Amino acid sequence: MSLDKLKLSKPLVAAMTDAGFLTPKEIQAKTMSRILGGQDVIAVGPEGSGKTTTYVLATLMKLKYAFEEAPRALILVPDAEHVDHVLEQFKLLNRNGTFRILGIDSRGAVDTQMNEITDGCDIIVAVPDRARALYLKLALNTNKIQLFIVDNAELIVKKGLQLPVVELANSAYKSQHVVFTEVMHEKLNHMISPFMKDSASTIEVDEIGEKQAEVYQQMLYQVPNFRTKLNLLTLLLNDREVFDKVVVFVNTRLTAQTVYKNFNHNKEGEISIYRSLFFDDKGYDDIEDFKDNPDARVLIVANENLGDLNIEGIPILLHLELPEQKETLIQRIVKNGDEEVVAITFSTDIELIEVKKIEQAIGQKMEVMELPEDLKVVDATTAKPKKKKANEDDEDSERGAAFHEKKASNLKNYNYSAGTKAKMTYKNKKGLS
C-alpha cells in the first residue's frame, strides 16, 4: 500500500518519504481515515507499530491552519522522555514549521510555561499532571481543543495519572478523543470511559514478530491484584498430584517470605524458600537438595540477586511476579532439549504491558487461561474477596467492557485448566494414555 492511501497532503507525503516512511503501517492504514473523519478512536498496538507517527500525521492534517490564539490539539504522554520523542516526530514531519508546538513537563518552571502558552501555540505535548496544573491556573485554555490525544495510555495508568487525564478530557468537551495504547485492560477502560463517545472505534493490530526460539508451553492468568494472585496460587497448588514439583518465582526475598507465610497450613517441608531471610523458615541453599527431596513440592525463589539457578528437571515454573528484566523470564522458558515443562505466568492489568513485551521478544503469544470458578477474586477497592460465579461471563467480569469477543476462528468449544494441561503433558512425557 502506498502513502497515497492515507490521503495526506502533498507536503506530508514528501516529509514521510524523506524520513524513510515509504508505505503506511497497519495501524495507520486502519485508523487514519477514522481520525480524519472525526471519530473517537482507541488504537491498540505494540511498541514500534507506528502509533506516534499516526497521530502526528493526523494532527497536522486536521488542524490545517496555524497561528491561532488558543491550542487546538492537546497530546498527553506519560513522562518527559515521551514528550521529547513526540516533539522529535513533529519536527521530522512539520518541516516548514507551520505549527507552533510546545512541550510541557516538570523540567520547566510553571511561570515560564504559562507565558509560553499565552504567547500562543497550536499543539501542546504534555504530561497530564503538569497540564492539569496549568489548566487550574487558567493558563491552558481547553475551549478550542479539537483533538485530545492520550498516548501510551497504559503507562499513564501505571503511573497513576488517571485523574488529570479525565479532568482535562472533560474540560475539552468539544474535542475528538483518540487513545493509543499497547494493551487494553479494565483499569485503562475505567480511565477513558468517562470521555470516550459510545460510538468510539477500537482498532487493534497484533504484530507478533517471527518466532525467535522454541519455548515451553506458555499459560497466562490475568488477575486484578496481588492478593488474588496469592489466592490463585493457593488454589492451583492444592492439586498435589499435578503440582508435585514446582518453582515459584517472585521478585524480592521479602515477597518470598510473604508468599511462604500465606501457606500457613502446609505439610511439613512441602513448601520452602530458596535462601530464606530467616533461619527458622524451611528453606534450601542449594536447589539440587530440593530436587532430591521427594517430600519437597514447592520452592519459592526470589529474583533478587539470584544469579545462575539450575532449574533443569523442574516440570512446572510459576512466575507469580514478572521480573524487572524480561530476559530473566525468557531465559527460563527457552526449551532445553526434549524436556517437557509447563510455564505459567500471573499478571495484573498493570503488568500486561510486560507480558506483551515478552510475547514480542519470543514471537509467540501466551495462552490466556480462564480463572477457576472457585477462585476468590479480591476487590481492590474494598479488599474483600468475592467468589467468581460459575455462570458469570468471563469477558465482562474479569476483563472489563473494553475487551471484545474473540474472532470466530479463535473460538473453542472446550477449555483445559492449567492442571489438566499439566496432566496431559505428564502423560505424554511418560507415554501414558
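A crossing is called left-handed if the near helix is turned anticlockwise from the far one by less than a right angle, and right-handed if clockwise. Keep that handy for the first stop. This is a predicted model, so local features need pLDDT of at least 70 and side-chain atom pairs count only at pLDDT 80 or more, while totals for chains, interfaces and linings use all residues. Residues are numbered from 1 along each chain as its sequence is written, and side-chain values use heavy atoms, with hydrogens and water left out.

Select residues 128-136, helix α6, and residues 162-171, helix α8. (Helices are DSSP runs of H or I, at least four residues, numbered from the N terminus.) Their axes, lines fitted to C-alpha atoms over the stretch in contact, sit 9 Å apart at an angle of about 50°. Turn the view and you'll find α6 passing α8 in a left-handed crossing.

Now show side chains: P128, D129, A131, R132 and Y135 of α6 meet P164, V165, E167, L168 and S171 of α8. Contact here means heavy atoms within 4.5 Å.

Next, click L188, in helix α9 (residues 186-192). Leaving out residues up to four places away in sequence, L188 touches A153, E154, V157, T181 and V183.

Finally, colour by pLDDT, the predictor's confidence in each residue, from 0 to 100. The chain's mean is 85, but pLDDT stays under 50 over residues 390-416 and over residues 429-433.

Note on methods
Axes are lines fitted to C-alpha atoms, for helices over the stretch in contact, and angles run from 0 to 180 degrees between N-to-C directions. Helices (H or I, at least four residues) and strands (E, at least two) are DSSP runs, numbered from the N terminus.
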